[in-house]
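Hello,

Here is the structure for your files. My notes on it follow below.

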Amino acid sequence: MRMRSCLRFCLPFGVTAGLVALLASGHAETPQPPSDDGVVWVYYGAMCAKPGDSSDCKVVQDGIPAAFGTFETCDKYRNDALSRAGNPRLMGVCAKQHEA
């Protein structure tokens with residue numbers, strides 16, 4: 001009889017303590033967002049088989065690709081480059097890369 005009353009008290013207490021310990025250990029360290037140190041935005045132009053279709057494109061590289069510190073400046077450069085080219089088959093992309 002004594003063993004049964006001990007199990008009634010100890011078992012729920014042990015399970016509750018275990019769950020609390022598990023939950024507490026899972027939130028002990030929150031992940032930090034990755035920093036943008038050493039990251040640049042690089043513009044790549046590509047010539048595509050059909051206008052507006054990015055499924056069949058080849059990168060057009062004239063020397064070293066243009067690199068920028070922010071996405072906004074890369075995007076502005078991309079828009080300007082595509083408007084100057086006047087070719088509907090030309091597409092551009094700003095890709096995030098780590099500096100070497």
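The largest pocket has a volume of about 270 Å³. Its lining is made up of 13 residues, and those closest to the centre are Tyr43, Gly45, Val60, Asp62 and Tyr77. Please keep in mind that this is a predicted model.

By residue type, the lining of the largest pocket splits into 9 nonpolar residues, 3 polar ones and 1 charged one. Tyr counts as nonpolar in this division and Gly as polar.

Which elements supply the lining? At least two residues each come from β1, which spans 39-50, and from α2, which spans 71-85. The largest share belongs to β1, with 3 residues of the lining.

As for the chain itself, its secondary structure consists of 2 helices and 4 strands. Along the sequence these elements are arranged as α-β-β-β-α-β.

How much of the chain is buried? Of its 100 residues, 13% count as buried, where buried stands for a relative accessible area under 20%.

In short, the points to look at on screen are the pocket residues Tyr43, Gly45, Val60, Asp62 and Tyr77, along with β1 and α2, which each supply at least two residues of the lining.

Regards

Technical notes. Residues numbered from 1 in each chain as written. Predicted model: local features only at pLDDT ≥ 70, side-chain atom pairs only at ≥ 80, totals over all residues. Heavy atoms only, no water. 1 Å grid on protein atoms, 1.4 Å probe; cavity = no way out; pocket = protein on both sides within 12 Å on 5 of 7 lines; lining within 4 Å. Points joined across faces, edges and corners; volume = space filled by probe spheres on them. Buried < 20%, exposed > 50% of the residue type's maximum accessible area, 1.4 Å probe, protein only.
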